[in-house]
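Hi there,

Here is the structure I promised to pass on to you. Please open it alongside this email, and then read on for what I found in it.

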Amino acid sequence: MGVDLRQVVAGILTITMFVMLGQMLHRDYYDSLQEKAQGDAHDIEFEGSRVSVKDSLVGALEGNKGPWMDDNNDLNPCWPTLLSDEAVSSKGYVTFSLTNGPEYHISQITDAVMVAKHLGATLVLPDIRGSKPGDERNFEDIYDADKLIKSLENVIKVVKQLPEEVSLRDIAIVKVPTRVTEDYIKEHIEPIFKSKGNIRVATYFPSVNLRKSSQDGETDPVACLAMFGSLELQPELNAVVESMIERLRTHSRKSDGRFIAVDLRIEALEKKNCHSTGVGGSKTCYNAQEIAVFLRKLGFAGDTTIYLTQPRWDSSLNILKDIFPKTFTKEAVMPASKRSKYLESESSEYENVIDFYISSRSDVFVPAISGLFYANTVGKRIALGKPQVLVPAEISETSSLATDFISPYISKKNHLAYSCFC
């Protein structure tokens, strides 16, 4: 039987259409952070990764053939002139803990400050609790307590410890949703505070969506200050981060000291099952091989320096190092004198914080895993004027523009940070 050439061509065109449709659906879905019930906030898919860049948010570096982009330092904090109220404190106290890593700490400190401000209460510096029982640290082990107290001095009173005369039995535990509002505080928390006199705030996360919404109204300047102007690393830990960044830049001389940070953790990838896909072929995470191919197709050279958030080297990362030999995990770039303290501790809190701050400061950030680490790293980068966040995708072309894969948080200016910077 002869083959009808027209049928063959029609078949090829049909298959091509389906492939293109699948890619379009994927790109429109990648970072659409769906609302999740408490406890399910980790299993979030990204929204459409391939988006147009508007308003000159990102521009290619002139005279550079690679896909590196300029930083954007045009944004400034919108809140300083709005914070003119004198700090007023009552006899009551608001206590809380920081848990689950730095990406959660930012939201937890913001909600606690909001509660204390609108109750007229005194805020007590939190302790820091890891995922394991008994894994506790003082706030000052990681963050700069004096900086936080000074930054909030015109908003609320902050003390380092709860007075001895205050009994823990007299403190009521109150759960509050992240991004808590003044109205919610007055309706649900103030009556308990007036009754008990002291409360302990526990933030829960109905969603890890940090997109601003027209329904949110104007962002409270107190929340902006707490989220972007209060938390800084304590001096010793900050010096370690700075030295690691400097080491990475030293490896990156051919790219003028620029490097990429990739949030890629083997344990998280295994939990999310990166082989599964959602609507339109969307994925919640990408493995080392997929990240390597993605970056290479965007045009990053083989000598590009890459920092991974993976705690220690794993054999599954070898494929990434084969393509990009200058790929490092933290033990390779941390000063030898600091490894015993920051890498050999039973707690992973130090390592998580180091990853977050290096990812926030890198020239390019690639979230191989969706979730709150991605969302809050983007917020921090917006505040620092570093908009090059590339959301990974499977690219069919041999090469593509990096600007096609800028995070929708940035290309669409829909991140909550854009309510605080203008």
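Let's begin with Ile149: this is a predicted model, and in it Ile149 has a relative accessibility of 23%, so it counts as partly exposed. You will find Ile149 in helix α4, which covers residues 145-151. Leaving aside residues up to four places away in sequence, Ile149 touches Val158 and Lys160.

Now for the chain as a whole. The protein chain has 15 helices and 11 strands. Of its 422 residues, 52% count as buried. Its accessible surface comes to about 19,900 Å², and carbon and sulfur atoms account for 50% of that. If you take the contacts between residues at least 6 apart in sequence, 73% of them join residues at least 24 apart.

Next, a sheet to trace on your screen. Four strands form an open sheet in the order β10-β9-β8-β11, and the pairing is parallel. Its edge strands are β10 (327-328) and β11 (364-367), each of which pairs on one side only. In general, the strands of a sheet pair through backbone hydrogen bonds. Strand β9 (residues 305-308) runs parallel to β10, and 2 bridges join them. For an example of a bridge, find Ile306, whose partner in β10 is Thr327.

Which strands does helix α14 lie across? Helix α14 (residues 372-384) lies across β8 (259-263) and β11, and it runs at about 165 degrees to β11.

Is α14 largely enclosed or largely open? Since 10 of its 13 residues are buried, α14 is largely enclosed by the rest of the structure. Among the buried ones are Leu372, Phe373, Tyr374, Val378 and Ile382. The buried residues of α14 pack against the helices α2 (102-119), α6 (221-229), α13 (349-361) and α15 (408-411), and also against the strands β8 and β11. After α14 comes Gly385, which has a positive phi, near 75 degrees.

Enjoy exploring, and write back with any questions!

Best wishes

How values were computed. Residues are numbered from 1 along each chain as its sequence is written. This is a predicted model: local features need pLDDT of at least 70, side-chain atom pairs count only at pLDDT 80 or more; totals for chains, interfaces and linings use all residues. Side-chain values use heavy atoms; hydrogens and water are left out. Buried means under 20% relative accessible area, exposed over 50%, partly exposed in between (1.4 Å probe, protein chains only). Contact means heavy atoms within 4.5 Å. Accessible areas come from the Shrake-Rupley method with a 1.4 Å probe; for residues, only the protein chains shown count as cover. Two strands pair if DSSP finds at least two bridges between them. Axes are lines fitted to C-alpha atoms, for helices over the stretch in contact, and angles run from 0 to 180 degrees between N-to-C directions.
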